[in-house]
Amino acid sequence: MTTRPRWQREKGKDCEMSNQQPLSKHFAVYLACTLGAAVSQAYAQNSAPMLEEIVVTAQKREQSLQDVPISVAVLSEEALQIRGIDTLTDIGANVPNLYVNSAPNSPTSVRMFIRGIGQNDVQLTQDPSVALYLDGVYVGTSIGSGFEGVDVARLEILRGPQGTLYGRNATGGAVNIVTRRANVEDWEFRQDLTTGNLGVFKANTVLNAPLSDKAAVKLNYFHTERDELVENKGPGENFGMKDNDSLVLDLRLDATQDLSFDYRYEKAKGENSQRFEQVTETAPGALSAITTITQDSPDRLDDVASFREIVQNDLEIDAHTLSFTWEASESMTVKSITSSRELDNEYFSDPLSTSVFGVDAAPSYAVSQASFEQFSQEIQLLGSTDALEYVVGLYYYEDDSSQDADGSEILGNLRPTDFSSAENESLAVFGQFTYIPKFMEQRWQITVGGRYSEDNRKAFRDNQIIGFTADYEEDFSNFTPSLTLGFDINDDSNIYGKIVSGFKSGGTSQRSANEQLFAAGFDEEDILSYELGYKGDFWDRRARLNVAVFYMELDGLQSSVQTGSTPGERDFIPTDDNTIEGLELDLTLLLSERLSFSFNYGYLDAEMGQDSADTPAGTFFFTDVFAYAPETNYTASLDYSVPLDNGDLGFNLNYAYKDEVISSINIEDANTIDDYGVWGAAAIWSDISLGNMPGSLKFMLWGKNLGDEEYKTIAIGAWNAFGVSELSTFGDPRSYGLTVSYIY
């Protein structure tokens with residue numbers, strides 16, 4: 001169900017009204033219209049092209065991006081293809097105030113930070129601070145959260161707390177992955193083949209087949225492989241190797257004119273090896289005298305020799321989703337989304353793979369088996385009246401997980417039992433109501449919302465490394481209200497101000513080496529956000545400018561801190577009185593029918609509110625700023641197209657910059673990750689007619705990190721005892737290739 005216009009009138013009538021009123025009464029309207037008229041007179045051209053409307057589902061219904069009072073960054077299908085984005089780790093450089101990296105030992109385990117808020121450790125017993133949704137279904141763990149294989153229509157990155165509609169797991173924001181579903185109208189077939197350097201090969205097959213005028217089936221098979229990022233001349237696999245397959249089945253049934261069903265099944269299997277963790281800085285440590293570091297360099301190494309066998313990881317995912325949409329009336333829609341997801345992940349980690357402790361032992365070698373099962377049910381009621389739009393809903397979620405690290409080694413000895421498990425259950429009721437009063441031609445929108453959540457969390461830990469067995473159980477409840485005021489300045493621009501709260505339940509750490517800390521756990525994370533925003537189209541709708549400024553107060557920030565003798569022994573230490581302020585700006589210019597330019601900018605000032613914290617494991621001292629919160633970050637993109645006798649030729653040039661960040665709030669192991677910028681480009685020849693044959697061809701030459709920038713994504717300082725003051729993971733080197741597509 002789409003939202004009808006808030007108010008309707010002839011173009012320009014609002015400006016006539018404004019000029020007849022006292023300046024003090026309608027200053028904002030007067031100023032916007034005066035500037036708009038001046039720009040239009042200066043730049044107006046006959047038959048000028050206009051920017052296309054961008055439709056998002058950030059508020060659970062289809063709306064224009066310009067009508068949504070949220071700072072949203074959108075990556076379309078075309079933008080994803082041009083930038084070579086097919087996993088979540090690729091999007092971080094392309095969206096300001098979003099930082100993304102993966103765990104080195106488990107490349108499919110993604111860590112996302114929005115406005116400095118995120119999960120700096122991937123654990124089954126802690127929720128991410130950035131909620132990930134796939135076609136309306138919450139993905140409850142960061143393990144295996146890549147999206148290779150799905151036919152993505154767009155990505156929506158919602159910046160800032162989304163507590164009302166997205167729940168307890170969105171204090172930083174939310175990422176919506178929206179895929180193309182089966183449709184009953186047309187046969188569709190697409191085959192993409194990609195080859196490139198680093199041994200890259202990808203094959204993507206999409207088939208949509210109408211079975212009748214009421215039913216359709218859609219299949220998507222995706223295969224990707226890569227030889228390595230760093231060659232291993234020692235035993236086992238190379239570093240950064242990929243070999244992934246996934247199959248997605250979509251079924252669509254239009255049972256009646258008003259009732260439709262969608263079923264989605266996903267089967268994925270990944271065999272990836274760990275990314276190389278490189279010693280980039282050394283310093284004397286307590287165990288450095290008996291630790292030999294054979295390969296270290298501040299510059300990225302292309303080939304190394306591991307001491308121990310590097311083994312590939314093994315990930316399997318099975319997921320089912322059944323949803324129905326019932327148009328109960330012209331003004332009310334009922335939606336239901338039922339989902340289950342199961343994964344098994346066996347991963348291997350040798351962080352100091354080119355170093356040896358003693359004679360031939362590994363300082364630390366981990367073999368872990370993780371399993372995770374989740375079930376969720378959401379029911380939504382969406383509707384509207386002459387002056388009211390609303391969405392209310394019920395949400396239920398549960399998961400069951402375990403992780404077993406038997407078979408791991410530490411300091412040359414087989415680690416004893418190291419097992420943890422968790423059970424979580426959550427229930428929530430939510431509602432959001434937008435009132436559109438009739439005065440001032442329905443220019444005002446008043447939105448109130450709230451969500452009440454109850455959570456029960458259980459965990460068990462058998463840690464015989466230290467020698468304890470402990471249980472954890474705690475209940476959490478929270479109400480997160482929100483208030484938004486919006487005003488339409490004219491047909492093409494609006495302003496909004498909002499106060500939004502967010503909540504993430506507490507829990508415990510599956511890696512805890514302290515019995516007291518595990519049993520006590522940590523408290524909830526609460527955030528209160530103040531935001532002012534402007535969204536406007538101008539220059540005869542050839543330019544679009546969206547701006548948001550914000551200030552946030554965050555208590556109970558759940559940061560992972562090393563509390564044991566090894567980097568893997570960690571607890572979450574909450575900190576209070578944290579503040580975050582910043583700005584986001586998104587500008588798009590359609591300079592001509594064939595030439596467009598976009599610039600996206602983000603600024604962050606994220607300050608820690610505590611200098612230290614006293615815990616049963618000792619006193620920990622903190623940095624002044626958040627980890628993975630770049631002060632300045634921006635992207636720029638230029639697109640140009642040329643019509644040909646057969647098809648169109650397009651060019652894209654893009655640049656992304658991230659300011660320096662620190663890797664941890666714990667002063668003991670915090671390192672600086674330097675700023676970096678990467679160039680990308682693509683040349684696309686599309687819509688190539690095949691004469692009498694059906695369908696068309698498309699060729700795309702693409703390149704990423706064309707300057708071969710050597711930049712770090714992770715810089716760990718937790719191995720100081722072994723003489724390693726910085727252990728780094730580098731971003732991908734220069735990559736390039738060719739994609740050939742047949743489209744019918």
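**Note on aromatic pairing in a predicted model**

1. Tyr676 and Tyr711 are both buried (under 20% relative accessible area, 1.4 Å probe, protein chains only). The model is predicted: local features need pLDDT of at least 70, side-chain atom pairs count only at pLDDT 80 or more, and totals for chains, interfaces and linings use all residues. Residues are numbered from 1 along each chain as its sequence is written, and side-chain values use heavy atoms, with hydrogens and water left out.

2. The whole structure contains 22 aromatic pairs, that is, rings of Phe, Tyr and Trp (its six-membered ring) with centres within 6.5 Å. For Phe357 and Phe722 the ring centres are 6.1 Å apart and the planes lie at 75°, so this pair is edge-to-face (planes over 60 degrees apart). Phe357 belongs to strand β22 (residues 355-357) and Phe722 to the loop between β45 (712-716) and β46 (724-730), so the pair ties together parts 365 residues apart in sequence. Phe357 and Phe722 are buried.

3. Tyr676 and Tyr711 form a stacked pair, 4.2 Å centre to centre with 15° between the planes (stacked: under 30 degrees). Tyr676 is in strand β43 (residues 676-689), whereas Tyr711 is in the loop between β44 (696-704) and β45, 35 residues apart.

4. A cluster joined by ring pairs comprises Phe599, Tyr601, Tyr634, Tyr655, Tyr657 and Trp679.

5. The protein has six helices and 47 strands (DSSP runs: H or I of at least four residues, E of at least two). Of its 744 residues, 56% count as buried.

Note on methods
Buried means under 20% relative accessible area, exposed over 50%, partly exposed in between (1.4 Å probe, protein chains only).
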